[in-house]
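Please examine the following structure with its charged and nonpolar side chains in mind. A short report follows.

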Amino acid sequence: MPLEFASLSCRCRRLVTLLYAGLLAGLPGARAEPVEFSFGVATATVLRGVALGEGAIDAHAAGHYAPPNGWRASLGVAALHSQSSQRRRWDAQWFGRLGYAHRLDGDWSAQLALTRYAYPGSALLRPYAQDELGATLAWRDLAYLSIAGLRRSNVQ
């Protein structure tokens, strides 16, 4: 049975939290590099307001490519805890995103992105597989207005 963050003793939870915070503090700050990698853990993976995991620690990793010409591409995976038939197991969430971002002027920017979420080998999470087309208008990177269209994906 996988280790759950909530079941750890208070002392052990503090240690895990401090180790994770130390790892984040040791990472270099924001850079203008076109390639970026991200790794993380979460106690819940939420997609469109639905918690997909079972409250245990989920792991996430992604790679992002954003050259100065405005194009954006991302590939990522998450290892999720799922529960079916009274047993816990790991399921995978894969996503790919392709988009374009454009600065309209000094205050405004716009972005259009196509994203695919897939859950290969998971009958439990298959209903959440989808394609998403989204458009976002942002003001000074402080306020965002987004609209998205979703379509269930048939590819598994």
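Is R140 buried, partly exposed or exposed? At 46% relative accessibility, R140 counts as partly exposed; buried means under 20% relative accessible area, exposed over 50%, and partly exposed in between, with a 1.4 Å probe and protein chains only.

This is a predicted model, in which local features need pLDDT of at least 70 and side-chain atom pairs count only at pLDDT 80 or more, while totals for chains, interfaces and linings use all residues. Residues are numbered from 1 along each chain as its sequence is written, and side-chain values use heavy atoms, leaving out hydrogens and water.

**Salt bridges**

The whole structure holds 4 salt bridges, each a side-chain nitrogen of Lys or Arg within 4 Å of a carboxyl oxygen of Asp or Glu. The table lists some of them.

| Pair | Closest N and O atoms |
|---|---|
| D141 and R103 | 3.9 Å |
| D107 and R140 | 3.1 Å |
| R116 and D131 | 2.6 Å |

R116 lies in strand β7 and D131 in strand β8, so this pair ties together parts 15 residues apart in sequence. Salt bridges with shared partners join R116, D131 and R151 into one network. D131 is buried, at 9% relative accessible area, whereas R116 is partly exposed, at 34%.

**Nonpolar core**

The largest nonpolar core has 8 residues, including A78, L80 and F95. Such a core is a set of buried Ala, Val, Leu, Ile, Met, Phe, Trp, Tyr and Cys residues joined through side-chain atoms within 4.5 Å.

Notes. Helix = DSSP H or I, 4+ residues; strand = E, 2+ residues; numbered from the N terminus.
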